[in-house]
Amino acid sequence: MPFSRPKVDVDLRPYFGDEAAFHTNKELIVLHETVSFNRPGVLDIKNPAAFMDGRQLEVHGFIDAEGHSGWCFDPRAVYDHAASGSGRVNTRSIGFELVSEIPMLRPGLRFQTWWKRRKQLVRVAQWIAYLHFDQGIPVRYSDGTRPGVTTHWQVSETYLGGHGHWDCWPKHFPGGYFPALFVIRKAQQLVQKAKKQ
Ligand SMILES: [Zn+2]
C-alpha cells in the first residue's frame with residue numbers, strides 16, 4: 001500500500017457496522033455535507049452518525065473541520081446515503097459526510113468559508129488518495145455516471161432531475177460553492193507523490 005490510511009478518530013462500526021445491505025466493489029466516492037455544526041473534538045462526528053443511524057441511513061466516513069475522521073472499516077459495504085433511483089449510486093459508491101454548517105450561511109459567504117477550511121479539504125483529499133490505492137477508484141471528477149469522485153448535488157442533478165439534495169454543490173457549476181476540483185487536484189498530487197516513492 002503506497003498510501004497509508006488517514007488516522008481514524010471515530011470508529012463508525014457501532015453505528016453502521018451490521019447495516020450493509022450487501023457488499024460490492026466500488027467505483028465512486030460521493031461527498032456530502034452534514035449541515036450540522038463543527039465543535040471541538042469528535043462529538044460533531046458521533047452525533048450526526050447517531051442521527052443517521054436512527055433514520056436507517058448509513059455512510060462510510062465522516063470528516064470534520066479539524067480534520068478528524070470517522071471510518072466504517074468496510075468500503076465494500078452498500079450503505080444508504082445517496083438515493084438515486086435507477087442510478088444505483090449507493091451500490092456503486094463510498095460516501096463521506098463533511099461536517100459543515102456552510103449551507104446555512106448566506107450564499108455569498110459559502111465558497112470563501114469552504115476555501116479557508118484547508119484541514120478538512122486536505123483530509124478529504126487524503127481519503128480519496130487512500131481509496132484510489134485501496135479500492136481502485138479513479139481520482140477525477142465524475143457526474144455520477146462513470147467512476148470517479150462526485151457529490152450529492154451532482155448525483156441529484158444526474159439522476160433525480162435536481163429534485164434531490166444539494167449538499168457539496170461544486171463551485172465549478174453555477175450557484176455552486178464547494179471546491180470539489182481543488183480537493184480532486186490535491187488528491188491527484190498525493191497519488192503522484194506516492195507513486196514516485
Ligand atoms: Zn447528502
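## A strand enclosed in the sheet

In this predicted model, strand E5 sends Ser-93, Gly-95 and Glu-97 to one side and Ile-94, Phe-96 and Leu-98 to the other, and all of these residues are buried. Because six of the six residues of E5 are buried, the strand is largely enclosed by the rest of the structure.

The surroundings of E5 can be followed through the pairing of the strands. Six strands make up an open sheet of mixed pairing, in the order E1-E4-E3-E5-E2-E6. Strand E1 (10-11) and E6 stand at the edges with a single partner strand each, so one side of each is left without a neighbour in the sheet. E2 pairs with E5 in the parallel sense over six bridges, and E3 also pairs with E5 in the parallel sense, over three bridges. In general, the strands of a sheet pair through backbone hydrogen bonds, either parallel or antiparallel.

Which residue of E5 do Phe-62 and His-32 stand opposite? Phe-62 stands opposite Glu-97, and His-32 likewise stands opposite Glu-97. Elsewhere along E5, Gly-95 has Val-30 opposite.

## The nonpolar core

The largest nonpolar core has 52 residues, and those that touch the most other members are Ile-29, Phe-96, Val-124, Ala-125, Ile-128, Ala-129 and Ala-187. Two or more residues each are given to this core by helix H1 (13-16), strand E2 (28-33), helix H2 (43-54), strand E3 (61-63), strand E5 (93-98), H5, helix H6 (152-160) and H7. With eight residues, H5 gives the most to this core. In soluble globular proteins, nonpolar side chains tend to be buried together.

The contacts of Val-124 give a local view of this packing: leaving out residues up to four places away in sequence, Val-124 touches Leu-31, Ile-63, Phe-96, Leu-98 and Val-183.

| Helix | Residues | Span, first to last C-alpha | Expected span |
|---|---|---|---|
| H2 | 12 residues | 16 Å | 16 Å |
| H7 | 17 residues | 25 Å | 24 Å |

In H7 (residues 180-196), the buried residues are Ala-180, Val-183, Ile-184, Lys-186, Ala-187, Leu-190 and Val-191. They cover an arc of only 160 degrees around the axis, which puts them on the same side of H7. What covers these buried residues includes helix H5 (118-135) and strand E6 (148-151), while the face of H7 turned away from its buried side carries the exposed residues Gln-192, Lys-193 and Lys-196.

In H2, the buried residues are Asp-44, Ile-45, Pro-48, Ala-49 and Met-52. Seen down the axis of H2, the buried residues fall within an arc of 125 degrees, so they line one face of the helix. Their cover includes E1, H1, E3, strand E4 (69-71) and E5, whereas Leu-43, Ala-50 and Gly-54 are exposed on the other side of H2.

A further helix, H6, lies across E2 and E6 and runs at about 85 degrees to E6.

## Positions in the loops

Apart from neighbours within four places in sequence, Pro-179 is in contact with Trp-114, Trp-115, Leu-121 and Lys-171. Its C-alpha atom is separated by 9.5 Å from that of Gln-112, although Pro-179 and Gln-112 are 67 residues apart along the chain.

Most residues other than glycine have a negative phi. Gln-56, which follows H2 and is placed in the loop between H2 and E3, has a positive phi near 55 degrees. Because Gln-56 has 8 C-beta neighbours inside 10 Å, it counts as exposed. Arg-88, in the loop between E4 and helix H3 (89-92), also has a positive phi, near 50 degrees. With 12 C-beta neighbours inside 10 Å, Arg-88 counts as exposed.

Definitions and conventions
Residues are numbered from 1 along each chain as its sequence is written. This is a predicted model: local features need pLDDT of at least 70, side-chain atom pairs count only at pLDDT 80 or more; totals for chains, interfaces and linings use all residues. Helices (H or I, at least four residues) and strands (E, at least two) are DSSP runs, numbered from the N terminus. The expected span of a helix is 1.5 Å times one less than its number of residues. A residue is buried if 20 or more other C-beta atoms lie within 10 Å of its own, exposed if 12 or fewer, and partly exposed in between; C-beta atoms are placed from the backbone. The arc is that of the directions from the helix axis to the C-beta atoms. Two residues are in contact if their C-beta atoms, placed from the backbone, lie within 7 Å. A nonpolar core is a set of buried Ala, Val, Leu, Ile, Met, Phe, Trp, Tyr and Cys residues joined through C-beta atoms within 7 Å. Two strands pair if DSSP finds at least two bridges between them. Axes are lines fitted to C-alpha atoms, for helices over the stretch in contact, and angles run from 0 to 180 degrees between N-to-C directions.
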